Amino acid sequence: MYPIAEHWQNYIDGQWCDSESRLTVNNPGTGAPLATIAQASVADAERALIAARRCADSGELSRVRPAQRVTWLLRIAAEIRAVAEEGAWVLCQENGKSLNDARDEFIEAARYFEYYAGMADKIEGTSIPWATATWTSPSTTPWASPRRSCRGTSRCRSAPAPWPRPWRPATRW
């Protein structure tokens, strides 16, 4: 059994950020409140997208040598594996899934990073360019939710996570 933080914040542009709104997460088995999370606003999603665009435009990630990308991706996989037991416990408490299923989510996420690490230096060391992306914003989005999308090769998304498997979509994009 692992302790679960009472409140979780969003990570935007290199820092942890709280929000004016909070969402209470209940344990589905007991109905008791488990924790609260910062409920991101449209402005929070915009800040995250601006930070992502700034990073993409800077070329910081695409200019590094393929061997460095391999190192980064393998480190991410190792970090995910390091928190797999604790993370699985949290998923059990917030989703009600079995400990084995929850643990498998983390292992699968780590394997995605390992898979892409294996590819990072295999395609002639060339970065696939971001091309031109079409960014939507609250003012042009009729449903005005914090959901965002980009067209092109970047496939970025900013959306609430209504699915019961948060690690899979986050690592496949």
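Which backbone nitrogen lies 3.1 Å from a polar atom of the side chain of Thr30? I looked this up first. The backbone nitrogen belongs to Ala32. I note here that the model is a predicted one.

**Entry: Thr30**

I placed Thr30 next. Thr30 sits in the loop that runs between β4 (21-26) and β5 (33-39).

**Entry: Asp44**

I moved on to Asp44, which lies in helix α1. Is Asp44 buried or exposed? Asp44 counts as buried, at 9% relative accessibility. The cut-off for buried is under 20% relative accessible area, so the label follows.

I looked for a backbone partner of the Asp44 side chain. A polar atom of that side chain lies 2.9 Å from the backbone nitrogen of Ser41. I then left aside the neighbours of Asp44 within four places in sequence. Asp44 is in contact with Asn10, Ile12, Ser19 and Gln39.

**Entry: salt bridges**

How many salt bridges are there? I found a count of nine.

I began with Arg54 and Asp13. They form a salt bridge, and their closest N and O atoms are 2.4 Å apart. I checked accessibility on both sides. Arg54 is partly exposed at 44%. Asp13 is partly exposed, with a relative accessible area of 44%.

I turned to Arg75 and Glu79. This salt bridge has its closest N and O atoms 3.2 Å apart. Both residues belong to helix α2 (residues 66-82). They are four residues apart there, so about one helical turn separates them. Arg75 is exposed, with a relative accessible area of 55%. Glu79 is partly exposed, at 42%.

I then took Arg81 and Glu114. Their closest N and O atoms are 3.0 Å apart, and the pair forms a salt bridge. Which helices does this pair link? Arg81 is in helix α2, and Glu114 is in helix α4 (residues 99-120). The two are 33 residues apart, and the pair links distant parts of the chain. Arg81 is partly exposed, with a relative accessible area of 35%. Glu114 counts as partly exposed at 29% relative accessibility.

**Entry: cysteines**

How many disulfides does the structure hold? I found zero. I still looked up the accessibility of Cys17 and Cys55. Cys17 has 10% relative accessibility, so Cys17 counts as buried. Cys55 is partly exposed, with a relative accessible area of 30%.

Terms used
Residues are numbered from 1 along each chain as its sequence is written. This is a predicted model: local features need pLDDT of at least 70, side-chain atom pairs count only at pLDDT 80 or more; totals for chains, interfaces and linings use all residues. Side-chain values use heavy atoms; hydrogens and water are left out. A disulfide is a pair of cysteine sulfur atoms within 2.5 Å. Buried means under 20% relative accessible area, exposed over 50%, partly exposed in between (1.4 Å probe, protein chains only). A salt bridge is a side-chain nitrogen of Lys or Arg within 4 Å of a carboxyl oxygen of Asp or Glu. A polar contact is a pair of N or O atoms within 3.5 Å; within protein, one must be able to donate a hydrogen and the other to accept it, and residues adjacent in sequence count only if both atoms are side-chain atoms. Contact means heavy atoms within 4.5 Å.
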